[in-house]
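Could you read the notes below alongside the coordinates? They are set out as numbered points.

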Amino acid sequence: MATSYARATEHEGFMRHRGYRWLKLSAILIALCIATYAMADVQPRPNGGTWVGYTLGTIGVLLILWLSLLGVRKRAITPGKWSLKAWTSAHVYLGLSLIVIGTLHTGFQFGWNVHTLAYGLMMLVILSGIYGVIAYDTLPRALSDNRSEMTQRQMLDAIAGLDRQLHEAALPLPAEEAELVEGSIRRTRLGGGLFERLSGRSPRCGNVRALRELGARLDRERGSPRSEMLSRVVALLDRKEQALELARRHIQIRARLEVWLFVHVPATFALIAALGAHIFSVFYYW
Amino acid sequence: MAFIVKQISARATGGTITRSRTIDQPSLMVGRAADSDVVLEDLAVRLQHLKLANLPGGRVRVEPLDRAAVNLNGKLLDGPREVATAAGLAITLGGQKLTLTAGEAHGDVAVLVERLEELSPARDERQIFALGAAMPSRRTMAWIGLALVLGIFLAWPLLNSGGARTDAQATAAPTLSVGQSTSSSPRFVTAAPTNAAFKPDETWTSGPLSAPHAFLSNNCGACHTKAFQSVRDEQCLSCHAGAQAGRGKSAILKDHASADRLLKVHPKMPGFAQKLRAAVGPHMNLPQWSCTGCHREHEGAITTPASSDQFCAGCHANMKAQLPDTRLANAPSWEQHPQLHAMVQDGSAGPQPRFTSVALVNDQLSPAAPKEDSGLKFPHDVHLSRSNGVAQMARTLGAKYGYGQSLACADCHSVDPTGVRFQPVSMEKHCEGCHRLEFADENGVMRTLRHGDPQQALADLRDYLRVRGVPGAIVQPDRARVGLASSERAAVRQRDTVRMYPGSVPRTLAAVFEKGGACYDCHEVSGPSKPGAIDYKVRPVHQTERYLMRGWFDHSDHNAANMPCQSCHAAERSHDSRDLLIPAIADGPGGITGCQHCHAGAHPARNQVASPCASCHSYHAGPGAPAYSRAGASAKIARKQPGAPAPSPQPSAQQRQTARLQTTPAA
């Protein structure tokens, strides 16, 4: 059909899905909640225990449970009215509306208790989600610009190839220098822990050390019979360093792109647990 | 005596290839250098690393060169070693392994060379590029977070929930002292929590408790006694039911009305929230008209606010229709407030006064106005006159007693320490300056009739007369010094405290009680039971301390607004002590103002005083001031009155004591 063809060819992200339908719906929901909160004369002061509070809380918990189902829903990609894109769009905008609904539900009363814990976890989930939306909007371009058509496999192969050349070039070197090159080959650091990935720097990498020390040796022995052999090794180390930098930048962008989910998803489960404790405790100590 | 060397290397297409050669030499140089007998392309191997020598008898000499690291059968060699090959030898150097065995030909040594490690370490693409490789799995983190939150914030508090008030906490409960000598309004006696230990279910609190209840912060079960049941009145009343403050009993909380009467009237309550609660509450375990309906806790410092006028009017506007048997008149608004009622003595004789509630009349002196018979004869007009003998007497005695040009209200009426009401007038402090009971002067010693005990006075006088004899031998005190004109002296009959009848003790005694005698002037005297007897009875005088029992009236607030007594009390024109000089709701004749003269409901015009229902009434009307008034409402009122000096909102007992002393120096 013509319409489905048009939709398939024209890319429309989940943010502007159907002319910002879910943004508008969320805005209406937020406006309704604010108006109710402002106009209701609750005694002695607004909080979660008034009729406004219970209403906002009910809306909030239903929204949270529905939003958390995206994890289930995304595993089944279907087209049409309730496509995954529509679902994601609603997830983002309704999730944002929870900032207002949840805050009004608190009546701006916060404390060191399970209720504020649930609120804090909700805000953590939402803020990480906002980060995720921004990351998804900006980082794929950076990722693409950085890798310049190279695949991840190609990056690793390039490094492995340089390792082989280094190995060969270093065979005639005396033990101490050979060890430095061996260090470059054996102790190349790629990836590593969360912070190493996010920083994009691996100061303990064997290649950096080999490059620094053999480079210094080359400077000292320039003109000697060994200098040609040494400079070949140093040039290889330098090329490897550039290949490593490219891969590390790639890893860094990917880490930035993926890290929020490691907050968003576990915090969602903690939030659901806290919500359960929150609701249970409120009615247990009615 | 040769070395058979087999070197295994990886093929580019996968798999391995083994090259074999025979080196017919007694010794073998192993190293990275290209001229070695066995070349190991391994950067961890030295250029010349190891020398192997074939020895007779199936033995070899393994010699690391220049202290290079060589491992023989799992042990690092520290020098040359000769070992038998029969059992097989495993030598590792760098990433290479040499296995030495006896060769097939006698004296030969077979050397198998294998690479232990890949040249370049294998790199798993996913391990390197995906962040997931560096993080615990999201699923694991989710389950751990879920379990932690449920464990710490649900299971732990649940297992430690409940608890009840302990005796120690009961003792620590703030006590509310009511009506004590230093204060007529309830005040909290602060008490520190005795048990401040943390309890896990404190994490369930929805906010801090109000200050008086803060000591219960770690004892949820004190009020939340049953799971999934809202706090019931019984829990509140377990402390708040004491008729008298005491151990663990903190306050008098009077029911506004019985629950069934409240229910009969309350459907008039406005507001969506109330309707919703009324509809949903019973099904959600929230009983109506419970304490917690109005007194919300866990709201921090906020205590129950004073009820709004609409709240009061919701029931009181048309109460007669809902509750035909009520004795209360409808009170739809301040403008339509019913006339005030006062509790007055009905004048019946007896040791204790009896009180009845009567409606006030705006004209305090009209014949229709209610009267109160306290048993005292006292014309206010005579005493407050600026020109009569009383005024003259005041001027004469002023230097001694602090009177002015005439008597003033404060000369007899002194405020009580709280400033709210007045202390009873006392004979000794306020009357005796003029109304002396001396009847004889014996060389400067005044013989005086005892006040307050007629039988004792009679006995004293009888004894005196027996000893001294009756007639004019007694020198009368010089009454002239008090400055009465002779005509007035006769009128007030003050000249002789005891009229002497020479020769007749009984007559002299009886004269004290008869018309013209010392008692009769001020008191109602009955008797004698038969002619000639002296069994007179003086009716006790009872002074009413408080007239408006259902509302709160504070004299200090009005005093602070510089209001003279006469603006509300028609004392200057009252000739009868039975006149009830209590101002009514509206103005009376002669410039007497009623409440509505200044007070103008919740939304006053300029120069009027804001006075919502709560300024005089409280929902649980106790003997003290309503919370609204306690909260410094007097200060607010004074600010609305231009020109009025700003009073301190809550004068201390000491300040008020000082004020009293200044206004009544005659004490």
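1. Residues are numbered from 1 along each chain as its sequence is written, while chains are lettered from A and ligands numbered from 1 in the order in which they are written.

2. The average pLDDT (the predictor's confidence in each residue, from 0 to 100) of chain A is 89, and 94% of its residues score at least 70. Where pLDDT is low, the predicted coordinates should not be read in detail.

3. In chain A, helix H7 (residues 152–170) packs against helix H11 (residues 227–284) at an angle of about 160°, the axes lying 10 Å apart, which makes H7(A) roughly antiparallel to H11(A) (angles over 145 degrees count as such). Helices here are DSSP runs of H or I with at least four residues, strands are E runs with at least two, and both are numbered from the N terminus. H7(A) contributes residues including Met155(A), Ile159(A), Leu162(A) and Leu166(A) to the contact, and H11(A) residues including Val233(A), Leu237(A), Leu244(A) and His250(A). By class, this contact has 14 nonpolar, 2 polar and 3 charged residues, where Ala, Val, Leu, Ile, Met, Phe, Trp, Tyr, Cys and Pro count as nonpolar, Asp, Glu, Lys and Arg as charged, and the others, Gly among them, as polar.

4. In chain B, strand E10 (residues 89–93) runs antiparallel to strand E11 (residues 96–102), with 5 bridges joining them (pairing requires at least two DSSP bridges), and Thr92(B) stands opposite Lys97(B). The hairpin of E10(B) and E11(B) has 2 residues between the strands, with Gly94(B) in the turn at a positive phi of about 60°.

5. E11(B) is also joined by 7 bridges to strand E12 (residues 109–115) of chain B, again antiparallel, and Leu98(B) has Val113(B) as its bridge partner. In this hairpin 6 residues lie between the strands, and Gly107(B) in the turn has a positive phi of about 90°.

6. Between the chains, 56 residues of chain A are in contact with 47 residues of chain B. H11(A) gives the most to the side of chain A that touches chain B, with 20 residues, and by class that side has 33 nonpolar, 14 polar and 9 charged residues.

Conventions:
Predicted model: local features only at pLDDT ≥ 70, side-chain atom pairs only at ≥ 80, totals over all residues. Axes fitted to C-alpha atoms, helices over the stretch in contact; angles between N-to-C directions. Parallel < 35°, antiparallel > 145°, perpendicular 65-115°, else oblique. Contact = placed C-beta atoms within 7 Å.
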